[in-house]
Amino acid sequence: MSLFITFEGVEGSGKTTQIQHLKRYLARKGISCKVTREPGGPPISEKIRKILLDPNHRKLTPFSELLLYEAARAQHINEVIKPLLKKGTTVLCDRFNDATLAYQGYGRKIDLTLIEKLNHLASQGVKPDLTFLLDCPSDLGLKRAVQRNRISKNEKEGRFEREKIQFHHRVRKGYLAIAKKEPQRVRVIDTRAGVEKVFEKIRAIVDELIVRSSPARRKKSLAGGELGVRS
Ligand code: TMP
């Protein structure tokens with residue numbers, strides 16, 4: 001059994017911490033999993049990440065930005081995500097297709113249908129089994145992200161942390177709209193509850209998914225037309 005689980009959210013929503021908690025939890029259960037991220041993953045995509053997040057790249061146009069995110073994804077899917085899933089390894093990915101819809105679509109106002117098509121091409125139709133949308137008000141998330149950068153001595157703000165607050169409001173609204181459209185896959189978790197409570201919720205949802213995707217249940221659910229999970 002391999003699961004593909006993605007984490008999404010505005011800046012400073014606490015994805016990285018929750019991914020590490022989940023990785024340890026799955027390891028204790030004997031489920032082998034790998035953590036990866038977007039933009040990034042394989043070396044080529046990590047290089048593209050550097051281009052995308054460099055605050056000096058003020059001239060990067062929204063369309064070039066979109067294509068670079070998709071290029072990084074195409075490489076990531078091919079080199080990392082698909083081979084891992086094929087091997088039966090569970091993949092925990094920090095951001096994926098939904099981030100492009102939220103940031104480039106709702107945030108930058110690029111046509112959503114175009115982004116959906118590019119997402120589909122770049123990801124070769126691979127869809128997450130489950131997505132956690134770690135939600136918090138954009139201003140709170142931004143404050144946390146700026147603090148985090150100071151603590152890690154990474155004083156430089158990223159290109160996105162520099163965006164006006166209205167941009168971040170649109171991104172959050174976009175994420176919530178995606179969740180409303182696909183409530184089965186995208187589970188919204190309010191991160192204001194605190195790290196421990198948030199992880200309790202994540203763990204319960206993942207446990208449910210694991211039961212649902214066990215081989216015996218899967219056979220039954222496929223016969224009954226229930227949402228299938230990769231085996
Ligand atoms: P991170 O800080 O969560 O690693 O994400 C890097 C930044 O890239 C973050 O500001 C969100 C942004 N992003 C997009 O704008 N579009 C995308 O498709 C992805 C994957 C990330």
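1. Burial is classed here by relative accessible area: buried means under 20%, exposed over 50%, and partly exposed in between, with a 1.4 Å probe and protein chains only. The model is predicted, so local features need pLDDT of at least 70 and side-chain atom pairs count only at pLDDT 80 or more, while totals for chains, interfaces and linings use all residues. Residues are numbered from 1 along each chain as its sequence is written, and side-chain values use heavy atoms, leaving out hydrogens and water.

2. There are 13 salt bridges in the structure, each defined as a side-chain nitrogen of Lys or Arg within 4 Å of a carboxyl oxygen of Asp or Glu.

3. One of these pairs Glu182 with Arg185, whose closest N and O atoms lie 2.9 Å apart. Glu182 is partly exposed, at 27% relative accessible area, whereas Arg185 is buried, at 8%. Through salt bridges with shared partners, Asp98, Lys127, Glu182 and Arg185 form one network.

4. Glu70 and Arg73 also form a salt bridge, with 3.2 Å between the closest N and O atoms. Both Glu70 and Arg73 are buried. The two residues are three apart in helix α3 (residues 62-87), which means that about one helical turn separates them. Helices are DSSP runs (H or I, at least four residues), numbered from the N terminus.

5. In the salt bridge between Arg37 and Glu46, the closest N and O atoms are 2.7 Å apart. Glu46 counts as partly exposed at 22% relative accessibility, and Arg37 counts as partly exposed at 33%.
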